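These are my notebook entries from a first look around. Please open the view below and follow along with me.

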Amino acid sequence: MTLAMRNIYKSFGSNEVVKGLNLEVAEGEFLVLLGPSGCGKTTALRMIAGLEAVTSGDILIGGEDVTGVLPKYRNVAMVFQSYALYPHMTVAENIGYPLKVSKVPRDEMSEAVRETARKVHLEDLLDRFPRQLSGGQRQRVALARAMVRRPRLFLMDEPLSNLDAKLRGYMRSELKHLQAELGVTTVYVTHDQIEAMTLADRVAVMEAGIVQQLDTPRRIYDDPANLFVAGFVGSPPMNFITGAITGGAFECGGAGLPCPGLADNPRAVVGVRPEDIRVTGAGEGWLQGAIYSLELTGDETIVNVAAAGTHLISRMDKDFDMPMGAEVGVEILGERSYFFDAESGERLRTASHSGQPIAFSDGSR
Amino acid sequence: MNGKRNGSLRRLLEPKDVNSMSPAGKMVTYGLLAFWAAVVLFPLYWVLITSLKLPIHVNDGPLYIPFIDFMPSLHAWEYIFFELGNDTLRPYLNSIVIAFFSTVLAVGIGSMAAYALVRFQYRPRFASVIAFLLILAVVVWMTIAVDLHWSLSVAIGLALFFLFLNTLGKRFQTRVGNDDILFWIISQRILPPVVAVLPIYVMFQQMRLLDTHIALIVTYMTVNLPIVVWLMRDFFASIPMDLEESAQIDGASRFQILLGIIMPLAKPGLAATSLFVLILSWNEYLLALFLSTADAQTMPLLVAAQNATRGPQWWYMSVLIVIMIVPVIVMAGILQRFIARGLLIGAVKG
Amino acid sequence: MGPPAGVAGGREIRRPKGRSSGMSLWVDRNAQNVLILPAVLMILAFSIFPLLMSLYLSLSRFRLVKGGYDLRFVGLRNFKKLVLGSEQYHLLGTFGQLTFWEWGLMALVVGFFAHWLYRFATSGRFWIFGFIGRVVTAVVLTGLLLLCLLVINQGGFPGTLVVTMFYVLAGVAVQFTIGLSLAVLCAQPIPFRNWFRLIFFVPMMVTPVGIAYAFRMLTDLSIGPFAPIWRALGFTNVSWAADPWSARMMVLTGESWQWIPFMFIVLLAALENVPREQVESAKLDGAGEWRIFRDITWPTIAPVAATVVLIRMIEAFKIIDFPNILTNGGPGIATESLTLHAFIAWRTQDLGISAAVGYTLLFVTAVTCVSFFNFVGRRLRERTEG
C-alpha cells in the first residue's frame with residue numbers, strides 16, 4: 001500500500017511539533033524517519049497510526065483518506081518501543097489478538113499464529129507468557145503480532161532500542177529480510193543513524209518538526225543538504241571548522257582551502273568526514289595541532305586532534321602510533337569537503353553541481 | 001568503643017550483623033507485637049467461647065478456657081439456627097445479597113468512571129455545572145413546595161437546562177477538568193450519610209421501594225462509588241498506555257480493550273477494592289437502620305436488635321457476631337490469594 | 001493496491017466500515033461519555049439531589065398527617081432552635097465560665113490567626129477566594145475551640161458537636177500513633193512479621209456492631225473476663241457506663257480498636273516504599289535509628305500519613321454505631337455523636353431538626369477536612385516533592 005502525508009501540522013497546545021510534513025511512500029518501500037528525540041518523528045508515526053489526531057493536513061493510505069479514521073479501522077500494524085505485549089496473555093494469544101478481535105474463526109486463527117510464529121522462530125515458545133521471555137524473544141513476538149494479519153502498513157517505533165548491541169545487529173538483518181519477503185510498506189522511526197542507513201530504502205531526516213532531507217541513505221551520507229543532516233549522520237560525526245570564504249578559498253587561522261566556484265561568505269563552515277582527514281607529521285598538512293586523545297577500536301584508531309580552536313576527529317588505521325600531546329599536522333583528502341553557510345546552515349554549492357552529489361553518482365536502486 | 005568492660009552489655013544492645021536487630025531490641029519488638037496481637041485476638045476469642053457457653057457459665061462470672069473451666073455447648077447455636085430458623089437466615093441472606101450486588105455494581109461502575117478519568121480529557125463548562133445545580137435546586141423546590149408531580153418538574157428542569165446550554169451557556173468560557181471531576185466524586189465521601197438518607201428515605205417511600213433489597217443495594221453502591229473511583233484510578237494510571245494503543249491498532253474497540261486488556265491487568269486492584277467495599281457494605285449500620293425495617297433487615301440490624309428484644313443474652317449475641325465475621329475472613333482469605341498472584345505479575349513485569 | 005505478493009502466514013482481514021452494527025459503533029465512538037455517565041448520574045441522584053432536598057428540609061417543619069405529610073417552610077428557625085433555643089444544650093452543650101487562663105489561650109489563638117491572615121494578605125500569593133477560605137477556617141476553628149473550652153469547664157456539659165469533635169480528634173490521634181508504631185515495628189526485619197501483619201488486619205473486618213457488643217461483654221464489671229481484677233481493685237459498685245468521660249473513653253477505645261488496622265496497613269505499605277539506598281546511605285553516614293526515621297523515613301511517608309489522617313477524619317465524623325450500641329448515647333447525652341443526634345431526631349419525626357443537625361455536621365466536617373487538606377496535607381506533599 002502507498003502512504004501519503006500532505007501538509008501535516010500538529011500542535012500540542014501552543015507547542016508545534018510537526019510543521020508541514022509531506023511524505024510519499026511507495027508500495028513496499030522501507031522508509032526511515034531519523035532524528036534526535038523531540039524532533040516530531042514519533043508524533044508523525046502516531047498520526048499515521050491514528051493514535052494522534054492531526055491539527056491540519058491529510059493522510060492517505062492506499063489512496064484512501066484516513067485522516068479522521070479511528071486506528072482500529074486503518075488496518076495498520078505497529079511495533080512499539082516497549083513491545084506492548086499483553087502481560088496476561090501467552091505468546092500465542094498475543095500473536096492471535098488482532099485476529100481474535102476481528103472474529104477470525106478459531107482454527108484459521110491458530111493456523112495463522114503457528115505459521116507466523118515459525119517465521120520468527122517462536123514456534124516452541126507459544127505457551128509461554130511474555131515475562132518468561134528474553135528481550136529478543138519479546139521483540140519477535142511483537143513482530144509476529146504485527147505480521148499475523150496482512151496489514152496495509154508496518155509502523156515501527158524504535159523497535160530495536162531495548163536490545164543489547166549484538167542482538168540489535170542480528171534483529172536488524174532479520175527485520176530487513178522479513179520486510180523484503182512480505183513486501184509490506186514500512187515506516188520506521190529511530191534516532192540511531194546506523195539502523196537508518198542499513199535498513200532504509202529512503203531516509204527522512206527530521207529536526208524541529210521539519211524534514212531536513214528525504215533521500216536514499218547513500219545520498220544522505222554523501223550529499224547532506226544542510227549542516228544538521230551533515231552533523232547528525234555519520235559516526236564519529238563530521239568535523240566542522242568555522243571560517244570565511246574569500247576569492248574561491250576557505251580561510252581559517254591563516255590556512256586556506258580551495259573551494260572554486262563558491263561565492264564570498266564572511267561566515268562559512270567547512271565539514272570533513274573523519275575518514276577524509278589524515279594526521280601527518282608536524283609542519284605538514286593544512287592545519288597544525290596536538291593530539292588530544294587516541295582511541296583504538298580494533299580495526300582502526302580514532303584520533304582527536306586539537307587544532308584551529310576546535311577538536312578534529314580522524315579515522316586512522318590501527319597501526320597509528322603517536323603519543324598523546326604530540327605536535328601533528330592535519331591534512332584533508334581530495335575534494336571531499338562540504339561547505340555550509342554558518343547562519344542558515346544551508347549547503348553552499350557551486351552553480352555547476354548544485355543538487356548533485358560531489359563525489360559519487362546516485363547509487364540507489 | 002567502650003572496650004571489653006561493657007562487652008556483655010554491648011552484645012545485648014548491638015546487632016549481630018547489619019541485617020538483624022540487637023537481642024534487646026528483638027525482645028522489646030516481639031513483646032510489643034505479641035501484646036497487640038493479644039489486644040486484637042482476645043475480644044474475638046471471648047466472643048467465640050461465649051457462643052459456646054451455657055447461660056449459667058456466663059452469669060457465674062468469667063470462665064476462660066473451654067473443656068477446663070467449662071464444658072462447651074452448642075445450645076446457643078442450635079437456638080439461633082433451628083429455633084429461630086428463618087429469623088436468622090433471612091437477614092443473613094439479605095446481607096449476602098445486598099453486600100454482593102452493591103459491591104459488584106460499585107466496583108463495575110466506579111472502575112468505568114476511574115478508567116475514563118485516567119484516559120480521557122473532560123472539559124465541561126463551569127457555568128453549565130453551576131446552572132445544572134441551580135436548576136436541580138429549583139426542581140427540588142417545585143416538587144416539595146409547589147407540589148408539582150416530580151416527573152413534571154424534572155421535565156421542566158431538563159428543558160431549562162438545555163435552553164441554558166444552547167443560549168447563555170455558550171458565553172461562559174471557564175471550564176473544569178478531570179481533577180475537578182475526580183475531586184467532586186471523592187468529596188462525596190465527606191457528605192455524612194445522615195444528611196443524604198432523609199431524602200433518600202422519602203424518595204424510596206415515593207417509589208414504594210422502602211425495605212427492599214434494591215433500595216439498600218443502590219444506596220450502598222452510591223456511597224461506595226467514591227472509594228472505588230479513588231482506589232482504582234491509581235491502578236489504571238499504572239497500566240502502560242502502550243498496551244492500550246497497541247490493542248487499538250490491533251483493531252479492538254474501547255470496550256474490548258477495557259474488558260480484554262485493562263480489567264485483567266487491574267485484577268489485583270479490583271480484588272483489593274472489592275474486598276474493602278464488601279467489608280463496608282457488609283458491616284454498614286446507619287443506612288440500613290433508616291431504609292430497612294423487616295423484609296430487607298440486614299445482619300448488623302439483627303445483632304443490634306438483640307439487646308433491645310431480650311436483654312443481655314450474650315451467648316446468642318456471640319453466635320450472631322461469629323457468623324457475621326466468618327464470611328468476611330473467608331472472603332479475605334480467597335482474595336488474598338488473588339492479590340498475591342497479581343502482585344507477583346507486577347513484580348516480574350517491572 | 002492489490003495484495004502484495006509473496007505473503008505467507010498473513011491473513012487479509014476485510015473490515016468494511018459498515019459491518020459493525022450501528023449501536024456498538026455509537027457506543028465505541030461515545031465511550032468517553034458512556035463510561036463516566038453511570039457514576040455521575042448515580043451520584044447526582046443519590047448524593048447531590050438528596051443534599052439539596054435535605055437543605056430544604058432543614059429549613060422547614062415536617063409533620064406526618066393522615067395519608068401523607070405536611071411540610072412548611074420555616075426559614076432558619078430549626079437552626080435557631082439548635083444554636084440558641086431549646087435544643088442548644090443538645091447540640092452545643094451547657095456553657096460554663098471561662099477561667100482567666102482560658103481567656104488568655106483564646107487571645108493567643110485569635111492573635112495567631114490574625115497574624116496568619118495578615119501574612120497571607122501581604123504575601124505575593126494573595127487572591128480573594130484564598131483569603132475568604134482562610135477567614136472561614138480561622139473563624140470556625142476559633143469558634144470550635146471556644147465552644148470546647150466553654151463546655152468542659154465547671155458547670156458546663158458538652159453537647160453532641162463537642163463530643164463528635166472529641167471522637168474525631170482524640171480518636172484519629174490515638175489511631176495514628178498506635179498504627180504508626182505498629183507499622184514501624186512490623187517493618188523490622190524479624191521472623192513471623194507476616195503473621196503479625198495478618199492478625200493486625202483482622203479488626204477491620206469485624207462488624208462495628210459486633211465489636212460494640214464484644215466490648216460491652218469485656219468491660220462488664222461482674223461477669224467480664226477482667227472482673228477478678230476489678231474486684232481486687234475494689235471497683236464493684238461503679239459502672240463505667242454511668243460516668244460521662246469513662247463512657248466516652250469506651251466509645252473511643254472501640255472505635256480505635258476497629259480502625260487502627262487501617263492506619264497500620266497503609267503506613268506499613270508506605271514504610272516499605274522508603275528507598276533502601278537512602279536508608280543505607282544514611283547508615284554509612286553514621287546516622288542512628290531515630291535520625292534515620294526523622295530525616296529519611298518520615299519525610300517519605302508524610303504525604304501518605306496526611307492522606308490516611310484525612311480519610312480517617314472524614315469517616316470518624318460519621319460515627320454512630322459505637323455510641324448507639326455501646327452506651328446508647330448515654331449517660332444522658334454524654335456519648336451522643338451528631339449522627340446519632342440526627343437519627344434520634346428523625347425517630348421522633350422531627351425531620352427539620354434532623355436535617356439541620358445533619359447540615360451542621362456536613363459544615364463542620366467540610367471546613368475541618370478542607371482546612372486540613374489545604375494547610376497541612378498539601379504543605380507536607382509540596383515539601384517532599386520540592
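Which side chains meet in a salt bridge, Asp250(B) with what partner? I found Asp250(B) paired with Arg149(A), with 3.9 Å from N to O. For my notes, a salt bridge is a side-chain nitrogen of Lys or Arg within 4 Å of a carboxyl oxygen of Asp or Glu.

Before going on, I wrote down the ground rules. The model is predicted, with local features needing pLDDT of at least 70 and side-chain atom pairs pLDDT 80 or more, while totals for chains, interfaces and linings use all residues. Residues are numbered from 1 along each chain as its sequence is written, chains are lettered from A and ligands numbered from 1 in the order in which they are written, and side-chain values use heavy atoms, leaving out hydrogens and water.

**Entry: chain B with chain A**

I looked up the salt bridges across this interface and got three. The elements that give two or more residues to chain B's side are helix 11 (241-249), helix 12 (254-265) and helix 16 (314-349) of chain B. Helices here are DSSP runs of H or I with at least four residues, strands are runs of E with at least two, and both are numbered from the N terminus. Helix 11 of chain B gives the most, with seven residues. I sorted chain B's side by class and got nine nonpolar, six polar and four charged residues. In this sorting Ala, Val, Leu, Ile, Met, Phe, Trp, Tyr, Cys and Pro are nonpolar, Asp, Glu, Lys and Arg are charged, and the others, Gly among them, are polar.

Next I checked the contact (heavy atoms within 4.5 Å). It joins 19 residues of chain B to 23 residues of chain A. The buried area is about 1,900 Å², with 62% from carbon and sulfur atoms. Buried area is the accessible area (1.4 Å probe) that two parts lose on being put together, summed over both. Glu245(B), Ile249(B) and Asp250(B) supply 34% of what chain B buries against chain A, more than any other three residues.

**Entry: chain C with chain B**

How many residues does each chain bring to this contact? I noted 91 from chain C and 94 from chain B. The area buried here is about 8,400 Å², and carbon and sulfur atoms give 82% of that. I found one salt bridge between the two chains. Arg189(B) and Glu315(C) form a salt bridge, their closest N and O atoms 2.8 Å apart. Helix 2 (residues 31-58) of chain C brings the largest share of chain C's side, 24 residues. By class, that side has 68 nonpolar, 15 polar and eight charged residues.

**Entry: a tie within chain A**

I counted 26 salt bridges over all chains. One that I looked up joins Glu64(A) and Arg152(A), with the closest N and O atoms 3.0 Å apart. Glu64(A) lies in strand 5 of chain A and Arg152(A) in the loop between helix 4 (135-147) and strand 7 (153-157), so the pair ties together parts that are 88 residues apart in sequence.

Most residues other than glycine have a negative phi, and most peptide bonds are trans. With that in mind, I noted Asn75(A), where phi is near 55°. Asn75(A) sits in the loop between strand 5 (64-65) and strand 6 (76-79) of chain A. Is the peptide bond from Ser235(A) to Pro236(A) cis or trans? I found it cis, with omega near -5°. Pro236(A) belongs to the loop between helix 8 (227-232) and strand 11 (239-246) of chain A.
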